[in-house]
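Me: I'm new to reading protein models. Could we go through this one together, one question at a time?

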Amino acid sequence: MIKNIKGIEVVGISCCVPKKKITNKNIPNHSNIARIIKTIGIESRPVASDEICTSDLVLKSANHILKKLNWKSEDIEILIFVSQTPDYLTPATSGILQDKLQLKKSTLVLDINLGCSGYTHGLIVISSLMKNLNLKKGLLAVGDVTTQLVNKDDKVSNLLFGDAGSVTAIRNVKNDLENLYCDYYSDGSGFQDIIVPSHSLAGRNKLSNPQIMNKKDIKKNVRSNANIFLNGSGIFNFAINNIPRFIKDISQNIKNIKFCFLHQANKMIQDSIEDQLNRNKNKFTFPKSLKNFGNTSSASIPITICSNYADKKLPGYSLLCGFGVGLSISAVVVNLRKTKIFKIIKL
Amino acid sequence: MNNSKKILKDLSIILEKKNLKETDKTSELKHFDSVIILQIMNLAKTTYEKQIDGPKIEKCNKISDIINLIA
């Protein structure tokens, strides 16, 4: 069921990626690489060096957007950080960002553990809190350095991910015409389809030495329990069976949707979703960023917006739809006509 | 062209094998990895409106088994 949060304005979106870039076709010892690149649609990806944490990418993006919007750090009343690769298991990375950005100590800061649906879930949470607590200005920070969770001998996952951080500036306004429509869906029965099996310090999943040893699976992909595992067929079925229906329901209720920004998982999932939606006469524009950024997890929607529409305006409503880890889906329909979209910067 | 022949033709494109036969064994194909399985799932869903689980495709010994899943 679609909900409406009234009086929320997306003021600006900024993104930051690492300078280092990996071109997939140059990856050595990979016999089927051309065929896989064609299927997943990813030619190159920004990749963080081992020294870079998610907060570094987000921090640079935050400083950039504050400067460009001429927002003062002391005016920020809430900061939410969404990531599946936080700097530490504990403490929360949002606290580190609060200090580095010199936000006032009364700022509400919190972390959310989500990946590919993180941006849209984050927008829903920050908008709801800002409305309920009457907070005027907020920052939604999302980002991941997923490449650091991938085993370099995992032949498919090693070609998929890019690293990025992004910050979206949100304003609580009195104008009831600035609507943020949203819907969400969770199916925890699929929790093992995207998982880092052993990344905890407590309980039965805690990281211990025997568990982190590399093992070969039946498809000869090498992984340890500290690496990310993707069940491609499970994710594929979840996405193509749920996303088109989910988007169709929303678009039947909200008119004038011009753009559909999907999470950039891989080309095959994207094509299949587009195909099903276009068959149902939902003629949206589907901007993309996969080719040069890969799957940037929680940052993939803002990366797609900024890589295609920097310094431009987006007329009509934009539907943003994130899906993945959990398994989870969320969608937000928002008007970005006044939103300042900044060029992607590098760290 | 009947459905089986059409599926065989579609599979020959995915598997990059011109003279693909229903009797061909999946274990003897040049490529039969997780990406191929996703492509077959995609074909089944988008062209034949059929949802197939990846592990079922993985268990197919012959091309005819895959055709039977999709048809």
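Predicted model: local features only at pLDDT ≥ 70, side-chain atom pairs only at ≥ 80, totals over all residues.

Me: How many residues of strand 8 of chain A are buried?
Reply: Strand 8 covers residues 164-172 of chain A, and it is mostly covered. Of its nine residues, the number that are buried is eight.

Me: Is A:Lys137 buried, exposed or partly exposed?
Reply: A:Lys137 has its place in strand 7 of chain A. A residue needs 20 or more other C-beta atoms within 10 Å to be buried, and 12 or fewer to be exposed. Because A:Lys137 has 17 of them within 10 Å, its class is partly exposed.

Me: Which elements do the buried residues of helix 3 of chain A pack against?
Reply: Start with the residues themselves: in helix 3 (residues 93-100) of chain A, the buried ones include A:Ile96 and A:Leu97. After this helix comes A:Gln102, with a positive phi near 55 degrees. The buried residues of helix 3 pack against helix 2 (54-69), strand 5 (78-82), strand 6 (108-112) and strand 7 of chain A.

Me: At roughly what angle do the axes of helix 6 and helix 7 of chain A cross?
Reply: Two packed helices are described by the distance between their axes and the angle between them. Residues of helix 6 of chain A, including A:Phe236 and A:Ile240, meet residues of helix 7 of chain A, including A:Ile269 and A:Ile273. By class, this contact has nine nonpolar, two polar and one charged residues. The axes come within 9 Å, and the crossing is right-handed, at an angle of roughly 35 degrees.

Me: Which element gives the largest share of the side of chain A that touches chain B?
Reply: The contact takes 15 residues from chain A and 14 residues from chain B. On the side of chain A, the elements that give two or more residues are helix 1 (33-40), helix 6 (232-253) and helix 7 (267-279). The largest share, six residues, comes from helix 6 of chain A.

Me: What is the radius of gyration of chain A, and why does it agree with a compact globule?
Reply: Chain A has nine helices and 18 strands, and its C-alpha trace spans about 55 × 50 × 35 Å along its principal axes. Of its 347 residues, 50% count as buried. With 347 residues, a compact globule would have a radius of gyration near 20 Å, so there is agreement with the value for chain A, 19 Å.

Terms used. Residues numbered from 1 in each chain as written. Chains lettered and ligands numbered in written order. Helix = DSSP H or I, 4+ residues; strand = E, 2+ residues; numbered from the N terminus. Contact = placed C-beta atoms within 7 Å. Rg over C-alpha atoms; globule rule 2.2 N^0.38 Å. Axes fitted to C-alpha atoms, helices over the stretch in contact; angles between N-to-C directions. Left-handed = near helix turned anticlockwise from the far one by under 90°. Nonpolar A, V, L, I, M, F, W, Y, C, P; charged D, E, K, R; others polar.
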